Amino acid sequence: MNERDTLKINLAGHLEIGGCDCVDLAEKFGTPLYVFDEKYIRDMMRIYKNTIDGEYGGNGLVLYASKAFSCKAVYKIAAQEGIGVDVVSGGELYTAISAGFPADKIYMHGNNKLDRELEYAVEVKVGTIVVDSYSEADILNDIAAKAGIVQNVLIRINPGVEAHTHAFVQTARTDSKFGFSISDGTAENITQHVLAKSNLKLKGYHCHIGSQIFEKQSFVLAVNKCMDFIAHIKNATGFEADTLNMGGGFGIWYTDEDAKINVEGYADYLKALLNAVKAKSKELGLKLPYVLIEPGRSIVGEAGITLYTVGAIKDIPGIKKYVAIDGGMFDNPRYALYQSKYSALIANRANEECTEKVTIAGKCCESGDIIAVDVPMPKAKRGDIIAVLSTGAYNYSMASNYNRNFVPACVLVKDGKANYIVKPQTYEELVRGDVVPDYLK
Ligand SMILES: *Cc1c(COP(=O)(O)O)cnc(C)c1O
């Protein structure tokens, strides 16, 4: 299990997070329930910020990749910690702006930003837009001209570094739908295209080589390729990029197959990246770029757990034992999407010895509706509270109302106190948009 101080087993033998007993949380707020540890989120934001301040003279900015977990409270926390955010849709942008997040510290991504999303971004004065297609550059230039502004932009490039992760979350390969490849000259061509736009100001480049990456060398390689590219563009066009955004991707612990990295360990990843930038700029005679990183998973992933209540238990002798919970793929689709692995325990009997391996199944009408396979557990019974760990990233944000189940509420815990940050849904909410046309009445 996790070693940090806010997730522990208390004297009652119950799992505790942020000083709150998980059994009490389940009773007070109901299950399924997403629980987020505020201290962990802040600690992670701080370690990245402090590393850029301490190791790189503050010449950069940490952007929280808010697609990992987007709600007003998390943007408030990011604002209080003095970091920026990236958003990938009008909806995330709206949420950030509604939370009062400073627009100049918002970066907007997306391989197919809609015209109305670009218009909205310009209207609320988003600091930087990361251009990812020719047509986007054309349309954004027109929108900026109409608004009478010059919009800061980065170009998403593809350094062609393969990070060792699940193929579905690899994005930096040349066949990716994201970015322009350095190797085939398209990154240079789009650079020329953007430089020719009078209402776009090209600040530099962005790349994101994948997710759940554990090798420092992947980031170092990507930095080297990007810096070589910046030098090449400087020679070829005279344009020297002053911003380099290296994206996110730092891995987290889900099961003991993954490394358990502590706060200082994440600082080491960032130091390796920053040192590579420094070494390369010296080697190539480039000025030190303003460096951005965009961690999402590593900030909120291990900060979150999901609490469920055990219902039906089905033992198929000699084959499998299913423990069904009151959630499923509607609150965590990651097993169904990527066969992601999770660790889980019985929160109300957290000290008990594990005597069997079970498959935790959801309540949806899909046989692929699984949360975790072969999880060691004490003998579970109806009414037990199961905690699935490391569910803070890409769970709530990927949740749906499949089977018209409720997306669970989110609570933020700190120092023994728990508050809603996303309220529970209601049946009325589920049918709010439903319309029965007159001829059906
Ligand atoms: C998903 C994504 C991130 C965050 O990645 P993590 O693995 O969650 O750190 C950052 N930048 C971009 C462009 C992304 O698409």
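Which residues point one way from S4, and which the other way? Leu33, Val35 and Asp37 sit on one side of S4, Tyr34 and Phe36 on the other, and all are buried (buried means under 20% relative accessible area, exposed over 50%, and partly exposed in between, using a 1.4 Å probe and protein chains only). The structure here is a predicted model, in which local features need pLDDT of at least 70 and side-chain atom pairs count only at pLDDT 80 or more, while totals for chains, interfaces and linings use all residues. Residues are numbered from 1 along each chain as its sequence is written, and side-chain values use heavy atoms, with hydrogens and water left out.

Strand S4 covers residues 33–37, and five of its five residues are buried. Helices (H or I, at least four residues) and strands (E, at least two) are DSSP runs, numbered from the N terminus. Thr31 and Pro32 are joined by a cis peptide bond, with omega at about -5 degrees.

S4 has partners to pair with (two strands pair if DSSP finds at least two bridges between them). With strand S14 (residues 304–316), S4 pairs in the antiparallel sense over four bridges, and Phe36 stands opposite Gly304 there. With strand S20 (residues 409–414), the pairing is parallel and runs over five bridges; Leu33 has Ala409 as its bridge partner.

S14 also pairs with S19, in the antiparallel sense and over five bridges. Here Leu307 stands opposite Ala387. S19 is mostly covered too, with five of its five residues buried: Ile385, Ala387 and Leu389 take one side, Ile386 and Val388 the other. Another antiparallel pairing, over three bridges, links S19 to S16, where Ala344 has Val388 as its bridge partner.

A separate topic is the open sheet of three strands, ordered S1-S2-S3 with antiparallel pairing. Strand S1 (7–9) and strand S3 (20–21) stand at the edges with a single partner strand each, so one side of each has no neighbour in the sheet. S1 is joined to strand S2 (residues 15–17) by three bridges, and Leu7 stands opposite Ile17 in this pairing.

Next comes the nonpolar core, meaning a set of buried Ala, Val, Leu, Ile, Met, Phe, Trp, Tyr and Cys residues joined through side-chain atoms within 4.5 Å. The largest core has 111 residues, of which Tyr48, Tyr64, Tyr205 and Ile386 touch the most other members. Helix H8 (residues 216–237) gives the most to this core, with 10 residues. A second, separate core of 23 residues includes Leu15, Ala350, Ala409 and Ala418. Leaving aside residues up to four places away in sequence, the contacts of Tyr64 (heavy atoms within 4.5 Å) include Met45, Phe69, Val74, Pro295 and Ile299.

Ala187, in helix H7 (residues 186–195), is buried, with a relative accessible area of 0%. Beyond residues up to four places away in sequence, Ala187 touches Ile157, Phe180, Ser181, Ile182 and Phe229. The C-alpha atoms of Ala187 and Phe229 are separated by 9.0 Å, although these residues are 42 apart along the chain.

And what surrounds the ligand? There are 15 such residues, and the closest are Lys67, Ser211, Glu294, Arg297 and Tyr394 (a residue is near a molecule or strand if one of its heavy atoms lies within 4 Å of it). Among the polar contacts (pairs of N or O atoms within 3.5 Å; within protein, one must be able to donate a hydrogen and the other to accept it, and residues adjacent in sequence count only if both atoms are side-chain atoms), a polar side-chain atom of Glu294 lies 2.7 Å from a ligand nitrogen atom. A backbone N or O atom of Arg297 lies 2.7 Å from a ligand oxygen atom. The protein covers 93% of the 390 Å² of accessible area that the ligand has on its own (areas come from the Shrake-Rupley method with a 1.4 Å probe; for residues, only the protein chains shown count as cover).

Tyr394 turns up again for its backbone: phi is positive, about 60 degrees, although this residue is not a glycine. Tyr394 is found in the loop between S19 and S20 and is buried, at 11% relative accessible area.
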